[in-house]
Amino acid sequence: VQLQASGGGLVQAGGSLRLSCVASGNIYIVNGMGWYRQAPGKQRELVAFVTSGGSARYAESVKGRFTISRDNAKNTVWLQMNSLKPEDTAVYYCKADLARDRFSWASDYWGQGTLVTVSS
């Protein structure tokens, strides 16, 4: 199983970026999918999470600016980031809670991370 994240880059404050993450390989079912971020010198934190049914939750710091969405058929999750701020600068990681076959428990899989840099 592999999670491939993309879409990071350099953007000015107030700008937008859209991150994508695709889960591929031997996958039986994908439960929750989410985005986390880790800024230099800080712990990794949850940014947004969405269940297979589409229920989403967000960190307080991004509510109203970021939107998470997913396509269950494509095992893909997106994070639309608007009104970006310098404090959003971080490496963004996607995570999927998935099972590889019907006999296995679901577990967490992480993508490789994509860097988002917001200049002031």
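1. Helices (H or I, at least four residues) and strands (E, at least two) are DSSP runs, numbered from the N terminus. By this definition R37 belongs to strand β4. The structure is a predicted model, in which local features need pLDDT of at least 70 and side-chain atom pairs count only at pLDDT 80 or more, while totals for chains, interfaces and linings use all residues. Residues are numbered from 1 along each chain as its sequence is written, and side-chain values use heavy atoms, with hydrogens and water left out.

2. The R37 side chain has a polar contact of 2.7 Å with the side chain of E45 and another, at 3.3 Å, with the side chain of S61. A polar contact is a pair of N or O atoms within 3.5 Å; within protein, one must be able to donate a hydrogen and the other to accept it, and residues adjacent in sequence count only if both atoms are side-chain atoms. Neighbours within four places in sequence being left aside, R37 is in contact (heavy atoms within 4.5 Å) with residues including Q43, R44, V62, E87, D88 and Y92.

3. The largest nonpolar core has 29 residues, and those with the most contacts inside it are W35, V47, F66, L79, M81 and Y92. A nonpolar core is a set of buried Ala, Val, Leu, Ile, Met, Phe, Trp, Tyr and Cys residues joined through side-chain atoms within 4.5 Å. Two or more residues come from each of β1 (2-6), β3 (17-24), β4 (29-38), β5 (45-50), β7 (66-71), β8 (76-81), β9 (90-99) and β11 (114-119). The most is given by β9, with five residues. In soluble globular proteins, nonpolar side chains tend to be buried together.

4. Y92 illustrates the links within this region. Residues up to four places away in sequence not being counted, Y92 touches W35, V47, F66, L79 and M81, among others. The list for Y92 also includes R37, G113, T114 and V116.

5. Which strands form the open sheet, and in what order? Four strands are arranged as β1-β3-β8-β7, with antiparallel pairing; two strands pair if DSSP finds at least two bridges between them. Because β1 and β7 stand at the edges with a single partner strand each, one side of each is left without a neighbour in the sheet. Neighbouring strands of this sheet are turned by 15° against each other on average, direction ignored; the axes are lines fitted to C-alpha atoms, for helices over the stretch in contact, and angles run from 0 to 180 degrees between N-to-C directions.

6. Six bridges join β3 to β8, and C21 stands opposite V77 in β8. L17, in strand β3, is buried at a relative accessible area of 16%. L17 and M81 are 64 residues apart in sequence, yet their C-alpha atoms are 5.2 Å apart in space. Neighbours within four places being set aside, the contacts of L17 include G7, G8, V11, L79, M81 and V116.

7. The covered face of β7 consists of F66, I68 and R70, and the uncovered one of T67, S69 and D71. T76 lies in strand β8 and is buried, with a relative accessible area of 7%. The T76 side chain reaches the backbone oxygen of K74 at 2.8 Å.

8. Most residues other than glycine have a negative phi, and most peptide bonds are trans. S83 is placed in the loop between β8 and β9 and is partly exposed, with a relative accessible area of 40%.

9. A last point concerns F49 in strand β5, which counts as buried at 16% relative accessibility. Neighbours within four places in sequence being left aside, F49 is in contact with G32, M33, G34, S55, A56, R57 and I68.

Technical notes. Buried < 20%, exposed > 50% of the residue type's maximum accessible area, 1.4 Å probe, protein only.
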